[in-house]
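Thanks for coming, everyone. Please take a look at the structure on the screen, and then we'll walk through it.

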Amino acid sequence: MTNVLEAKKVSKSYSLGKNNEQPVLKNVNLELRAGEFVSIMGPSGCGKSTLLQIISGMDKMTSGSVAIQGQEIGSLSEERLAQLRLSKMGFIFQQSGFLKNLSLLDNIILPAYMAKAESRAAINRRASELMKRTGIAQLAHADKSQVSGGQLQRAAICRALINQPQLVFGDEPTGALNSKASDEVMDILAEMNAAGTTIMLVTHDAKVAAKTQRVLFMLDGCIVGERRLGQLGQAELKEREAKLSSWLAEMGF
């Protein structure tokens with residue numbers, strides 16, 4: 001498998017005043033292979049969300065390099081970065097960020113209309129297919145106030161996939177959901193990954209991480225460990241959760 005993402009010696013610091021820098025990331029190295037399903041775990045404030053923002057081009061690193069499909073992103077203009085995110089990446093956050101004056105369908109198709117890479121008819125067909133695939137086709141004309149949290153995250157997955165990205169990032173995508181809705185969202189993401197989409201998630205939930213193939217552990221701005229879980233068989237889930245909990249305890253999380 002080839003790497004779709006490579007980060008080398010990525011550091012990030014915030015200035016707190018004269019001669020006072022607060023390091024958030026410290027020389028982080030990371031590779032993400034095509035078709036992987038990877039999660040990042042760690043305590044609050046360890047830098048996992050900041051790392052996700054930097055490797056996806058949403059924030060600037062202080063030093064280091066990040067390449068997406070061989071293209072270095074550190075020197076790209078904001079316009080080029082925005083186009084790269086629009087065409088190559090999809091994003092799912094804890095809160096959907098859907099516009100309240102638009103229907104679910106309109107929110108889903110908006111990034112594709114902005115990309116202007118294909119006809120609106122083709123975009124609309126793919127949006128309908130995605131909504132059917134995720135079980136929310138009947139909610140196309142509902143707005144965000146008329147659906148459950150789980151249904152809204154399904155719509156967010158559709159929006160993330162509308163431009164057929166090679167790489168999808170999720171920052172606590174199940175964090176605001178109940179257990180049932182969380183399981184449903186993770187099942188959909190697993191299906192998308194099995195179809196070839198590369199996915200990286202930030203999560204605090206061992207049950208969520210147990211459904212991914214590889215887990216990275218972060219502490220104090222560094223990746224301090226990694227465990228490979230491989231493909232998931234349903235009978236293994238409880239065992240994988242227990243292993244993750246044990247590893248987290250060993251690392252002092």
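How much space lies in the largest pocket? About 480 Å³. A quick word on the model: it is predicted, so local features need pLDDT of at least 70 and side-chain atom pairs pLDDT 80 or more, while totals for chains, interfaces and linings use all residues. Residues are numbered from 1 along each chain as its sequence is written, and side-chain values use heavy atoms, without hydrogens or water.

Now the terms. On a 1 Å grid over the protein atoms alone, a pocket is an open set of points with protein on both sides within 12 Å along at least five of seven lines; in a cavity a 1.4 Å probe fits but cannot get out; lining residues have an atom within 4 Å of a point. A volume is the space filled by probe spheres set on the points, which are joined across faces, edges and corners.

Back to the largest pocket. It has 20 lining residues, and closest to its centre are Leu86, Phe91, Pro111, Met114 and Arg159. Two or more lining residues come from each of α2 (78–88), β6 (89–93), α3 (104–115) and α5 (149–161).

Take α3 and α5. Their axes are 8 Å apart, at an angle of about 25°. That makes α3 roughly parallel to α5 (angles under 35 degrees). Where do they meet? Leu104, Asn107, Ile108 and Pro111 in α3 touch Leu152, Ala155, Cys158 and Arg159 in α5, with contact meaning heavy atoms within 4.5 Å.

Last, the largest cavity. Its volume is about 30 Å³. Val4, Ile68, Gln69, Lys88, Gln166 and Leu167 line it.

Definitions and conventions. Helices (H or I, at least four residues) and strands (E, at least two) are DSSP runs, numbered from the N terminus. Axes are lines fitted to C-alpha atoms, for helices over the stretch in contact, and angles run from 0 to 180 degrees between N-to-C directions. Angles under 35 degrees count as roughly parallel, over 145 as roughly antiparallel, 65 to 115 as roughly perpendicular and the rest as oblique.
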